[in-house]
Amino acid sequence: ICLMRRLRNLHPGRKFGLKLRSSSTSATGTLPETKCNYEDFIDNRQQQAKCSILVQVSSERSYPELYNYCSRFGSIVNAHHYCLRHDDELNYILLEYAREEEASAAIDAGGVTDEMSGTPVRSPFLWFRASTGKKKESISSSTMPHPGLLSIDGCRPIGQENLLSLLRKAENIDRQIVELHQNSQLNDLGVRMRFLAALQIQQSISGMFPSAQAVPFGSSVNGFGKMGCDLDLILRFDKERGAKNHQQTEPSRLIYHLKENLSNGRSQTQRQMESIGDLLHLFLPGVCHVRRILQARVPIIKYHHEHLNLEVDLSMSNLSGFYMSELLYMFGELDTRVRPLTFTIRRWAQSCGLTNPSPGRWISNFSLSCLVIFFLQQLRQPILPSIGSLVKAADADDFRVTEDGINCTFVRDLERLNFQSRNTSKLSELLLQFFEFYSQFDFHNRAISLNEARSLAKPDHSAIYIVNPLEQLLNVSKNVSLEECERLRIEVRNAAWLLESEVENSSSVKEGNEHPETIWGLLNLFKHPEKTIVRPNMFFKPRMVEVSDLFENGMSPTGTPPAGVTYKNP
Ligand code: GTP
Ligand code: MG
């Protein structure tokens, strides 16, 4: 991908084909052994979405006919199938053309039928009507060679039973961690679907805002996403990502007239988002259950995409969240142990009810990732560098400041960072050390700083204090209550206790896989079935929660409120 980007820069205007590996590669579709720049990754996935269409078909067997029909518009280089209901009722095929113009031609050729009601909208979401029979396809489906469907596993998360069975059969705990990661991470098709959802938003407003960009961030793109994760999207109206504008030599003397701001920035954004919410709700195919949560610190529009089976959170003013995702992505690229370890810890937290898909007074997946990164930074032989050292290594090209003045400058080119860890610990050892480390961490007095890779005196009485890496006066885990912090401490202690003897004897564990039915290794941590644990009443009184309290630090509210919580203000 990086090479292609360089070739494109050297020969603007020329097309260079991109053949990505199928779903067996890493979460982000990049090759695991190469360190890839985040912006290149985003650019290439956006480009891939522009070359793609999503077609609803009656069954997977329609593929040869669809392939033949759609080949008239260009050369199809990739095809993925998925279905959305267990009885295989809703089938979709995602086709990727070699060139953007070919996908556009296919979309332009689309039409409406007399039976349909509604306003016709041009979008990459289509359905394949049965042939009328009079004009049979000139090429029979069997005569034209077509590439096989790449993704047979589609977009469903692996079932709990299958996963546990894989873990039971693994050779040792290290293998279990790798299996867990490989089988639950977001696959290539999942990433493609998310970029297509982003493109749909972008194209729907491109008439009035040709430079607008809808860019995915969060777990969909930072390499920490699992199958079925939500899509966080930011809609940006400025011309270029980052602050590359400063490279422009001679600024134009022709300046756009703008609409005078009728109100202050925040209420202006809220009103604009309201209108965009209406647009999505009224016109965009597949978009349903549109909800506007405009009082949160970061106002968002939530919706469900029924063709992609995807929950989307769309914001317009969370650029620091976008850059934070870039930081997480880079940490994941820096060492191959980071993502499997984080996946395991997130899964453990989920299975003991420390995290919850709904926002609230419990720790979020993002805060958990910060805990893992900090643990890996503070080791005697660090596995990850401090964010401060990434900032130090930055040069002029890395300069980024958000509209609201948050400095997001840090080195983007990992090769320039010159960081090589000498730590050779195995994943199982790191997992145990993680639990031991946080069993003893002084949450009461100390704050966690990823910027400095060390703990600091806590500036306030929050239960857990994780300095927000990009806005260092804020606490990422301000929402966490004292009770939840206490539960975290109890659970990390339990986990350390459960794993201790097994990790110490790990070389002899499961050699020959004699007892695949027994609970061992990671399975000890996941004994609870995957479900939300209802908290004891002492921790969980019915209460009114101000949405803006919960999301003070840019967290996006997801899902419906948990039992016992009513949002005052959504
Ligand atoms: P899941 O949605 O739980 O899979 O994880 P996620 O990483 O996508 O978390 P979430 O949707 O809550 O947030 C999306 C992204 O916003 C995160 O990955 C971060 O990059 C960023 N983010 C979330 N909370 C904060 C915060 O408090 N400060 C900053 N700077 N960024 C945040
Ligand atoms: Mg998310």
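Student: In which sense does α9 pass α11, left-handed or right-handed?

Tutor: The crossing of α9 over α11 is left-handed (the near helix is turned anticlockwise from the far one by less than a right angle; clockwise would be right-handed). Helices (H or I, at least four residues) and strands (E, at least two) are DSSP runs numbered from the N terminus. This is a predicted model, in which local features need pLDDT of at least 70, side-chain atom pairs count only at pLDDT 80 or more, and totals for chains, interfaces and linings use all residues. Residues are numbered from 1 along each chain as its sequence is written, chains are lettered from A and ligands numbered from 1 in the order in which they are written, and side-chain values use heavy atoms, without hydrogens and water.

Student: At what angle do the axes of α9 and α11 cross?

Tutor: Two packed helices are described by the angle between their axes and the distance between the axes. Here α9 (residues 319–334) and α11 (residues 365–378) have axes that come within 12 Å and cross at roughly 45°. That makes α9 oblique to α11 (under 35 degrees is roughly parallel, over 145 roughly antiparallel, 65 to 115 roughly perpendicular, the rest oblique). Axes are lines fitted to C-alpha atoms, for helices over the stretch in contact, with angles from 0 to 180 degrees between N-to-C directions.

Student: Which residues of α9 and α11 make the contact?

Tutor: From α9 come Met-324, Leu-328 and Phe-331, and from α11 Phe-366, Ser-369, Ile-373 and Gln-377 (contact means heavy atoms within 4.5 Å). Five of the residues in this contact of α9 with α11 are nonpolar, two polar and no residue is charged (Ala, Val, Leu, Ile, Met, Phe, Trp, Tyr, Cys and Pro count as nonpolar, Asp, Glu, Lys and Arg as charged, the others, Gly among them, as polar).

Student: How do α6 and α14 pack?

Tutor: Helix α6 (residues 173–184) and helix α14 (residues 427–440) pack at about 85°, with axes 7 Å apart. That makes α6 roughly perpendicular to α14. Ile-173, Asp-174, Ile-177 and Val-178 of α6 meet Leu-427, Ser-428 and Leu-431 of α14. This contact of α6 with α14 has five nonpolar residues, one polar and one charged.

Student: What is the strand order in the sheet of five strands?

Tutor: Strands of a sheet pair through backbone hydrogen bonds, either parallel or antiparallel. The order is β5-β6-β9-β8-β7 in an open sheet of mixed pairing (two strands pair if DSSP finds at least two bridges between them). β5 (213–217) and β7 stand at the edges with a single partner strand each, so one side of each lacks a neighbour in the sheet. From one strand to the next the twist averages 25°.

Student: How many bridges join β7 to β8?

Tutor: Five bridges join β7 (residues 287–293) to β8 (residues 300–305), and the two run antiparallel. A hairpin of six residues connects β7 to β8. Ile-293 has Ile-300 of β8 as its bridge partner, and Ile-300 has Ser-315 in β9 as a bridge partner. β8 also pairs with β9 (residues 310–315), antiparallel over six bridges.

Student: Which strands does α7 lie across?

Tutor: Helix α7 (residues 188–204) lies across β5, β6 (231–236), β7, β8 and β9, at about 155° to β5. α9 packs on the sheet too, touching β5 and β6, with its direction at about 50° to that of β5.
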